[in-house]
Amino acid sequence: MKAQFAADLITKYNVNGARYTSYPTANVFHATDASQYVDQLQQVAPNKPLSLYVHVPFCATICYYCACNKINTGNRKHAEAYLDRLIEEMRLQATHLHGDHKVEQLHFGGGTPTFLDEAQFERVFAALNQHFQLIDADFRDYSIEIDPRALEPSRIEHLANLGFNRMSVGVQDFDPAVQVAVNRIQSEAETEAVVNAARANGFQSINVDLIYGLPLQSAAGFKRTIERVLKLDPDRISMYNYAHLPERFKTQRQIRSEDIPDANTKLKLMGSAIEMFNQAGYELVGMDHFAKNTDGLLQARANGTLHRNFQGYTTHGNCELIAMGVSAISKVGRAYAQNAKTLDEYYAAIDAGALATDRGYNLTDDDIVVADVIQQLMCTYELDVATFDRTHGIEFWRYFEHVWPTLTNMAAEGLLQFDEQHIHITPKGRFLIRNICMVFDAHVTPQTRGFSKTL
Ligand code: SF4
């Protein structure tokens, strides 16, 4: 059953909320050193596969909407000093692992990963191969975020030779007026050239990123963008809402508040995009992500192996997540560990021979129960109560008695159906999945709600 766009409910539930790429969300993490994380690393089972994340924070130009941790520089030499520490961090993390850990998933994010030149990529991969066990099996999921403005199509072959087989291409909007307003001038031709080169070099999956709610976006202009994106025929599409928070993110102060579309226009942007995705054969995967109905993510959702993590949705949920680089977040066993967010702090920790963890969180037994509820609802839209009770040794409705009245209200509005045996998210409720998950979140407060809204 396909997700159904219900404008009245989306408007009603348009509140700040988490995107649940982790539970609890990163704003619940507290100041800590690496000791608990190291403890969990040392306990990783001998054959446990890994998911590695590598953060490259540099961007040659800054897109005004961006809330990522990035450093604006045109000087490629800055990358050399960074790679010295990144490679040392790989060594430091790997020394705590024992056994045979195949890297099933690898993700390069940023910033702009392709800020690195070919020789710098070679250096990083030599270190990855030295300290971890990269694989070349087809089921590997080795992805990289691509900014077509920062990449000659000829470099795609080099990325494929390194082992990348998936990419996520930033587009956001092709409308020239919007591109000027957000300082991201990117032609359709350069985007298409990158996508074509990826196909020619055997990339198995291409994702395109879009944002709605950007300054000067109009229903007609965004419709043209979607038409052009669909012509590129990506396997997956991610579409995020722009959260305008200039008081929090300095670069967003370059955007004129009066150019931001109002809630009604955003609703139209979102609604018409979803309709076009549906007509083109894409289906909502969980939250913000759409995939062709032949895509592995939808198959994984059907067989219950879909997983959500900091990179979005994945079919490799069985992996321990080891993240490297400034601000990167690892999740191993019960421990979340986030590296220092500034280069100075990150460099100082690594130069002193220590991991750069400065925030983190250790999951309690209760967190593990709630995390599993949220994971199941975000990934499958279903929860079987008896199976859940067996897995966690609890009585679900006794444990979650406090959420029953809110779920009852949501059920009356058509977001979900539930009884003593199961919870089922209806097609109408799927676009509001995080609002439903927030009902179970034991950490949610006005301070930890996050900043993302639907509109
Ligand atoms: S959107 Fe990407 S390229 Fe633009 S500033 Fe942010 S990280 Fe850099």
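Tutor: Start with burial: a residue is buried if 20 or more other C-beta atoms lie within 10 Å of its own, exposed if 12 or fewer, and partly exposed in between, with C-beta atoms placed from the backbone. Helices (H or I, at least four residues) and strands (E, at least two) are DSSP runs, numbered from the N terminus. Keep in mind that this is a predicted model, where local features need pLDDT of at least 70, side-chain atom pairs count only at pLDDT 80 or more, and totals for chains, interfaces and linings use all residues. Residues are numbered from 1 along each chain as its sequence is written.

Student: Which residues of helix α2 (residues 35–42) are buried?

Tutor: They are Y37, V38, Q40 and L41. Looking down the axis of α2, these buried residues fall within an arc of 160°, so they line one face of the helix. That arc is taken from the directions from the helix axis to the C-beta atoms.

Student: And what do the buried residues of α2 pack against?

Tutor: Their partners are α3, β16 (329–332), β17 (335–339) and β18 (357–362). Two residues are in contact if their C-beta atoms, placed from the backbone, lie within 7 Å.

Student: How do I describe two packed helices?

Tutor: You give the angle between their axes and the distance between the axes. Axes are lines fitted to C-alpha atoms, for helices over the stretch in contact, and angles run from 0 to 180 degrees between N-to-C directions. Here, α3 (residues 77–94) and α4 (residues 118–131) pack at about 10°, with axes 9 Å apart. Angles under 35 degrees count as roughly parallel, over 145 as roughly antiparallel, 65 to 115 as roughly perpendicular and the rest as oblique. So α3 and α4 are roughly parallel to each other. On the α3 side, the contact includes L83, L86 and I87, and on the α4 side, V124, A127 and L128 are among the residues.

Student: What about the backbone: where is there a cis peptide bond?

Tutor: One joins Y23 and P24, with omega about -5°. P24 sits in the loop between α1 (7–12) and β1 (30–31).

Student: Which residue in that loop has a positive phi although it is not a glycine?

Tutor: Y20, at about 50°, is found in the loop between α1 and β1. Y20 counts as buried, with 22 C-beta neighbours inside 10 Å.

Student: Is D233 buried or exposed?

Tutor: D233 counts as exposed, with 12 such neighbours inside 10 Å. D233 also has a positive phi, about 60°.
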